[in-house]
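Here is a short briefing on a structure. Keep the 3D view open as you read. Check each point against it.

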Amino acid sequence: MPEEGPYVGRPIERLEDAALLTGRGRYADDLPVRPDTLHAAILRSPHPHADILAIDTSAALKLPGVAAVITREEVTKLSSRFVVGVKQALDCWALAVDRVRYVGEPIAVVLAEDRYVAEDALERIAVEYRPLAAVVDPRAAASAESPRLFPAVGSNVVSERTFVYGEPDGQFAAAERTVALTVDYPRNSCTPIEGYVVVADYNPADGVYDVLANFQGPFSLHPVMARALNVPGNRLRLRTPPDSGGSFGVKQGVFPYVVLMAVASRVAGRPVKWVEDRLEHLVGSVSATNRVIRIEAAVAADGVVKAMRWDQMEDCGAYLRAPEPATLYRMHGNLTGAYAIRHLAVKNRVVVTNKLPTGLNRGFGGPQVYFALERLMQRIAVELRLDPLEVIRRNLVPHHAFPHRAPAGALLDSGDYQTAVARAVEEGGLDALRKKREALRAEGRCYGIGFAAIVEPSVSNMGYITTVMTPGERRKAGPKNGAHATATVAIDPLGGVTVHAASTPQGQGHRTVLSQVVADVFGLKPEEIRVNLELDTQKDAWSIASGNYSSRFAPAVAGTAYLAAQRLRERLARIAAQQLNVRPEDIEFADGKIFARGNPDNAASFSRIAGTSHWAPGTLPSGMAPALRDTVFWTPPQLEAPSEADEINSSAAYGFIFDFCGVEIDRDTGTIRIDKYVTMHDAGRILNPRLVDGQIRGGFAQGVGAALYEKLAYGDDGAFLSGTFADYLVPTACEVPDPVILHMETPSPFTPLGAKGVGEGNNMSTPVCLANAVADALGVAEIALPLTKSRVAALIQGEERAPAPRARGLQR
Amino acid sequence: MKPASFDYLRPETLDEALAALGELGGDARVLAGGQSLMPMLNMRLVQPQLLVDIGRLAGLAEVRLVDGRLMVGAAVTQAQLATRPTLAAEAPLLAAALPWVGHYQTRNRGTICGSIAHADPSAELPLCLLALGGDVVLRSASGRRIVSGDDFLLGVLSTDRRDDELVEAVRFPLRQGGAGIAFREVAQRHGDFAIVACAAIVRPAHIRLAIGGVAGRPMVREWPSDLGDDSLDDALNAFAWELGAVDDLHASARYRRELVRRMGRRTIEEARQCRG
């Protein structure tokens with residue numbers, strides 16, 4: 001790990017903001033398109049489940065300004081089914097072919113001179129449906145009597161696997177106590193302010209699809225898209241815009257629309273632009289999975305957990321779109337959380353239902369897992385009459401055990417969980433909060449304290465998803481593992497340094513951090529470094545692991561940029577050593593100069609040395625490669641493929657979070673007031689504390705949303721009920737209190753800069769921490785999210801008063 | 001989310017506006033602040049031939065005191081009324097309720113009359129109109145008529161306004177001495193449509209309670225002000241059941257009834273205190 005530099009670790013301001021705050025952002029919808037570009041509008045299914053008998057587009061085509069209408073006919077002719085992560089033949093195309101399986105599923109695309117006309121034409125397309133019974137609840141979908149989404153598959157359970165690590169059965173048989181809990185984690189979504197944008201242009205002359213999309217990765221979906229378009233990877237040129245209006249994972253879900261608009265542009269022979277609107281986004285983008293989990297612990301009388309059993313039923317909606325069922329397996333290696341539990345049994349089922357297909361959403365699998373795990377820890381405390389914090393403490397991985405191999409395979413890289421908890425308790429003022437609870441309860445008020453201790457995984461192993469296959473199936477398919485990050489550092493003839501990385505940022509400030517990292521390597525200032533993070537798959541370095549997901553930027557991408565800069569620095573040091581007559585190891589870089597250690601007057605400007613490889617390659621030390629440009633690919637060797645015993649180190653780094661909070665509940669209205677929220681993070685080395693705190697605040701706000709407000713609701717008949725932001729409630733500034741943020745830094749030994757991911761933690765910890773506080777306040781075991789006022793009131797208010805035959809007040 | 005095509009008229013005079021409404025009737029829509037109409041247009045829930053934008057009709061943007069009433073013109077924004085320095089003395093219930101209407105930003109556009117003409121059962125302003133016993137001034141090319149709020153609000157998004165009429169103004173009675181008022185609301189988030197909203201006016205002789213968000217329009221009950229605690233609870237319970245609450249996405253029927261009983265009680269007590 002590098003020594004501390006002048007900029008890494010400092011809260012410098014974001015380089016991105018000057019442009020964004022003065023209206024000079026360049027978002028996908030802002031970028032110029034060819035004058036003959038057509039605008040697309042999508043006809044979507046009003047039915048949750050129906051056979052499509054006929055589609056009549058003739059009236060739409062007659063409308064002036066309409067150029068083409070794309071339906072299943074063109075899509076099946078010009079593209080293929082998407083590949084799916086499980087063995088079953090789940091027929092999934094860029095739009096509905098024989099059947100619609102969720103409300104909002106695309107059926108046709110109108111291409112017109114403008115979006116208004118395109119939407120007018122949508123009303124003129126006649127679709128004849130034969131409605132089918134729909135199924136919404138995953139338990140119902142898994143039953144033998146359920147309507148089947150894919151009759152050829154025979155069951156809505158499209159994947160089932162069981163795993164045993166250690167000897168859980170023996171532990172349960174011998175256990176002093178067992179504690180069990182069933183939770184039903186709801187559907188929600190992170191709803192970025194910018195919707196999907198695709199501009200697709202097919203060039204028949206060379207058979208290339210050129211697509212601009214605000215896609216965020218993972219670029220493992222590039223081969224999925226190329227195969228669906230029936231072209232080699234080098235015939236799908238995918239470009240991303242300079243700025244993003246947010247993603248939180250959700251922009252991954254643009255990929256079926258990339259294929260759809262690519263086909264549309266081929267049919268029309270003109271470029272096609274589609275901008276998803278807010279109504280489309282809620283009904284038809286991508287959602288997190290809802291999941292039913294039964295979790296059970298074998299526990300000693302002192303609260304030490306000896307073994308755990310998980311039974312997870314994952315609802316991926318109507319189709320298993322790549323990379324699903326990744327949400328279910330992302331946390332697989334670390335299902336034992338922050339705890340030193342040695343025996344584990346897991347049963348995983350993946351179910352399809354008549355709802356929007358799922359995909360990346362910030363937290364990705366973590367909110368579901370920790371809601372079950374940390375509710376269970378709270379229940380253990382209640383049932384064994386122990387202090388919940390004590391139960392957490394007794395089970396934490398001890399600080400001397402790192403790196404710690406969890407039973408399902410996670411290699412927890414570093415940490416000191418006990419110290420983090422102790423510091424949070426002290427600095428966050430837990431004692432005072434407990435006294436407050438006591439005092440308020442004595443007054444008859446309703447107050448509770450909740451806890452959550454979690455590990456936050458980052459840098460996903462591209463092989464973890466293959467844990468869904470049996471070892472035998474994996475042997476046939478060949479091993480998958482690793483997580484290649486890439487960065488390029490280049491030097492121009494005037495000594496200017498430019499950085500490119502395949503990180504497709506979605507607003508986090510990647511350019512700022514990369515400028516800090518590279519500035520420190522070269523002894524320059526961050527504002528002197530140019531960082532360009534647009535990605536063009538035909539010109540830039542990338543791999544299937546590229547993109548913005550699994551909190552991989554700080555640990556993987558920033559570290560890789562450091563390695564690339566370091567390689568150039570080593571060469572620059574050799575050039576400087578020759579010019580300054582000292583040994584390369586005695587060369588230092590600072591303040592725009594390169595100089596001899598101990599003799600700063602023996603110096604040359606950075607730009608002079610840096611320009612040498614351009615201007616005078618003949619003067620370079622013999623045999624040396626020029627110091628012009630270096631691209632590094634880095635993957636952590638710890639990210640191995642799943643073992644024969646299904647052990648999987650699903651992520652490269654594991655941060656630690658300990659949260660506690662106090663909430664007060666109004667008994668009359670069920671309103672939850674978050675009185676205090678403390679969140680302690682150990683995300684390894686912090687590269688920019690200002691940006692880290694921004695990540696924590698954003699994740700916290702979304703965690704509050706998931707806990708109290710947000711649910712993508714469907715009626716029992718499959719109708720979609722959350723179609724606008726008046727129905728799908730996202731917390732605003734009024735609803736999100738200011739959390740107390742605390743930090744610890746235990747560097748990761750496995751990442752180049754010692755950094756770990758920090759982007760998703762509070763999405764995982766906050767919902768359950770708040771739920772635990774409500775459980776504590778009300779003394780109830782069954783807590784379902786979101787904790788709306790109506791639902792909380794129902795937990796408090798006993799039997800309802802009956803309607804009196806005739807109230808006296810009305811007999812005037 | 002693009003509207004179907006429509007014509008747009010921004011008349012210079014009220015007569016011009018009324019003539020257009022007279023000619024097109026239900027095929028025309030009046031645009032004031034647009035806080036409900038624009039989303040409905042964009043979602044194609046309404047597809048009028050013509051929008052009549054009354055925002056520039058100078059005479060409609062005034063708040064006046066007429067015959068012991070506060071007369072609020074059709075183009076007066078919610079922000080304009082909320083920031084009127086004398087409002088708390090003239091109509092303290094409106095002063096208490098306006099901060100609950102949408103958000104700061106939407107109040108800069110949204111109008112008082114527009115909210116009442118839209119007649120959303122959860123909206124605060126129709127609730128205030130009924131609680132205060134105000135009325136609505138309707139204007140058409142053939143003349144003017146005045147309808148009590150109670151007769152104007154028919155049900156969910158439904159009013160007594162004829163297609164050729166414009167809500168020219170609404171009139172709220174000024175505060176009477178000895179009256180105490182209170183307003184309370186529970187919504188999922190601040191600024192959302194109310195799950196239940198309560199307005200209470202306590203006068204020497206009687207208690208008046210208006211409830212929004214439960215029935216198809218706000219509903220009002222009056223009880224003698226010397227009603228004892230138990231009787232008041234009985235009365236609130238009866239009112240809660242009479243409103244015919246139903247389950248929806250955000251709240252159960254039972255929760256709404258519970259709020260009528262509990263928050264209704266709190267609101268009345270607050271109004272009593274502010275009277276004393």
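At what angle do the axes of helix α11 and helix α12 of chain A cross? They cross at roughly 115 degrees, and the axes come within 8 Å. Bear in mind that this is a predicted model. The points below go through confidence, helix pairs, sheets and the contact between chains.

**Confidence**

- The mean pLDDT of chain A is 96.
- In chain A, 99% of the residues reach a pLDDT of 70 or more.
- Residues 807-812 of chain A stay under 50. The model has 15 contacts beyond four places in sequence for residues 807-812.
- Where pLDDT is low, the predicted coordinates should not be read in detail.

**Helices α11 and α12 of chain A**

- Helix α11(A) covers residues 366-383, and helix α12(A) covers residues 388-395.
- The crossing of α11(A) and α12(A) is right-handed.
- From α11(A), the contact uses Met377(A), Gln378(A), Ile380(A) and Ala381(A). From α12(A), it uses Pro388(A), Val391(A) and Ile392(A).
- By class, the residues of this contact are six nonpolar, one polar and no charged.

**Helices α7 and α8 of chain A**

- Two packed helices are described by the angle between their axes and the distance between the axes.
- Helix α7(A), residues 221-228, packs with helix α8(A), residues 255-268. The angle is about 30 degrees, and the axes are 10 Å apart.
- α7(A) and α8(A) make a right-handed crossing.
- Leu221(A), Val224(A), Met225(A) and Ala228(A) of α7(A) meet Phe255(A), Val258(A) and Val259(A) of α8(A).
- The contact of α7(A) with α8(A) has seven nonpolar residues, no polar and no charged.

**The seven-stranded sheet of chain A**

- Seven strands of chain A form an open sheet with mixed pairing. Their order is β3-β5-β1-β12-β9-β10-β11.
- Which strands are at the edges? They are β3 (66-70) and β11 (236-239) of chain A, and each pairs on one side only.
- The twist averages 25 degrees from one strand to the next.
- Strand β10(A), residues 208-213, runs parallel to β11(A), and four bridges join them. Val211(A) has Leu238(A) in β11(A) as its bridge partner.
- Helix α8(A) lies across β1, β3, β5, β9, β10 and β12 of chain A. It runs at about 40 degrees to β9(A).

**The three-stranded sheet of chain A**

- Strands β22, β23 and β24 of chain A form an open sheet in the order β22-β23-β24. The pairing is antiparallel.
- The edge strands are β22 (587-590) and β24 (599-605) of chain A.
- Here the twist averages 35 degrees from one strand to the next.
- Strand β23(A), residues 593-596, pairs with β24(A) over four bridges. Lys593(A) has Ser605(A) in β24(A) as its bridge partner.
- Helix α18(A), residues 606-615, lies across β22, β23 and β24 of chain A. It runs at about 50 degrees to β24(A).

**Where chain B touches chain A**

- How many residues of chain B are in contact with chain A? There are 30, and they contact 32 residues of chain A.
- The elements of chain B that give two or more residues to this side are α10 (229-242) and α11 (253-275).
- The largest share, eight residues, comes from α11(B).
- This side of chain B has 15 nonpolar, seven polar and eight charged residues.

Methods:
Residues are numbered from 1 along each chain as its sequence is written. Chains are lettered from A and ligands numbered from 1 in the order in which they are written. This is a predicted model: local features need pLDDT of at least 70, side-chain atom pairs count only at pLDDT 80 or more; totals for chains, interfaces and linings use all residues. Two strands pair if DSSP finds at least two bridges between them. Axes are lines fitted to C-alpha atoms, for helices over the stretch in contact, and angles run from 0 to 180 degrees between N-to-C directions. Two residues are in contact if their C-beta atoms, placed from the backbone, lie within 7 Å. pLDDT is the predictor's confidence in each residue, from 0 to 100. A crossing is left-handed if the near helix is turned anticlockwise from the far one by less than a right angle, and right-handed if clockwise. Ala, Val, Leu, Ile, Met, Phe, Trp, Tyr, Cys and Pro count as nonpolar, Asp, Glu, Lys and Arg as charged, and the others, Gly among them, as polar.
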